[in-house]
Amino acid sequence: MYSVYDKLQVLEPEGYSLDRRERLAAMNGPVLSWYETHARILPWRENPQPYSVWISEIMLQQTRVEAVKPYFSRFMDALPDVKALAEADEELLLKLWEGLGYYNRVRNLQRAARIIMEEYHGQIPAEYEELRKLPGIGSYTAGAIASIAYGKPEPAVDGNVLRVLSRVLASREDIRKQAVKRRFEQELRQTMETGNAGAFNQSLIEIGAIVCVPNGRPRCGQCPLSSICLTRRQELWDSVPFRGEKKPRRVEEKTILLIESGTRIAIRKRPERGLLASMYEFPSLDGRKTEDEVRALFRKEGKQEPPVCPAGDAVHIFSHVEWHMTGYRIEVKSIPEEYLAAEREEIRGRYPIPNAFSAYIKRIFGES
Ligand code: ADE
């Protein structure tokens, strides 16, 4: 009698084809065995507590594992628990996040920490539905915390997992669609073994990251799912997973002003809401201005014009917007009062300035 839970190799007997649900159920054994020997040793896996799982998973949504490691240890050292996070100074919080991008995520972490302190006696909830109510916790993060930290049989479906599942099933459904993700979540909830949910979810994430890779040919020779993978059998790597059209990003042209006076430089705080809320930035103007237009702005009657020189172009890509920037350095006698006159060293050490400006920070420090 063939069993869909056979370890490592699941063979489909000739003349019998697993249906969708059986194929998903058949993943449990191979995936869990593979994880026992292949899981990477990562700081957040050493002692997976709800708080460390939560912080690491939010960071991992933004960038690669290797890039997250130093951020994770700095964050855990500075804010080791929910209470410390709830009480943290906004500036420290943004500084700890600087370079990771999507700053609303760290703000949401703090908002959620405050709710956990007030409404859950400082204990991160274990139930998926309770977790989902917290700001910044979507289905993926709720599933990751519930399963990795509390062992609850909840799925954690991110982009990596969507790719693995689509490939195992050779599914042509559009993985950008919420409904497609919801269906996979529902199916995994019904087919995943109870008792090993954290390992199961992390294993799928890991297989997606290092075996069933997004670009180029997946490494099927190393994949514990190769014997049941329909994409491999049908050689459909190039067309699975399927992603529908994405809305084009809006392009915003900007002129960045590096207004300097001796060792000081003008910065300002961004508005409290919206893109890069409450971060610091260099003053800017909408549109691309010429050197003469910038010079005219600083012309004052009876005064000598300050020297203006180009500081080059830069592009920064956010998820929905692209900034196309041109910059100028302007040497003034004193920083205009409407700005904060930061010491150059404070640009790196004190004020959280988003990555979008990194090309200009390099220029100020003579690094490019
Ligand atoms: N990417 C997202 N979550 C992860 C995890 N827990 N381990 C490794 N990579 C991940």
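Biologist: How many cavities of 30 Å³ or more does the count come to in this model?

Modeller: The count comes to 1 cavity of 30 Å³ or more, and it belongs to a predicted model, in which local features need pLDDT of at least 70, side-chain atom pairs count only at pLDDT 80 or more, and totals for chains, interfaces and linings use all residues. Residues are numbered from 1 along each chain as its sequence is written, and side-chain values use heavy atoms, with hydrogens and water left out.

Biologist: What makes it a cavity, and which residues lie nearest its centre?

Modeller: On a 1 Å grid over the protein atoms alone, a cavity is a set of points where a 1.4 Å probe fits but cannot get out, whereas a pocket is an open set with protein on both sides within 12 Å along at least five of seven lines; lining residues have an atom within 4 Å of a point. The largest cavity has a volume of about 110 Å³, and among its 15 lining residues Arg 167, Cys 212, Cys 220, Cys 223 and Cys 229 lie nearest the centre. Helices H10 (159–169) and H13 (230–234) each give two or more residues to this lining, with the largest share, 3 residues, coming from H10.

Biologist: Which residues are around the ligand?

Modeller: They are Leu 42, Trp 44, Arg 45, Glu 57, Leu 60, Val 65, Tyr 140, Gln 202, Ile 205 and Glu 206, and each is counted because one of its heavy atoms lies within 4 Å of the ligand. H12 supplies the largest share of this shell, 3 residues.

Biologist: What makes you say that the ligand sits in a pocket?

Modeller: That wording requires more than half of a molecule's atoms to lie within 2 Å of the grid points, and the space taken by the ligand is the largest pocket. This pocket has a volume of about 1,800 Å³ and is lined by 49 residues, with Leu 60, Gln 61, Arg 105, Asp 158 and Gly 159 nearest its centre.

Definitions and conventions
Helix = DSSP H or I, 4+ residues; strand = E, 2+ residues; numbered from the N terminus. Points joined across faces, edges and corners; volume = space filled by probe spheres on them.
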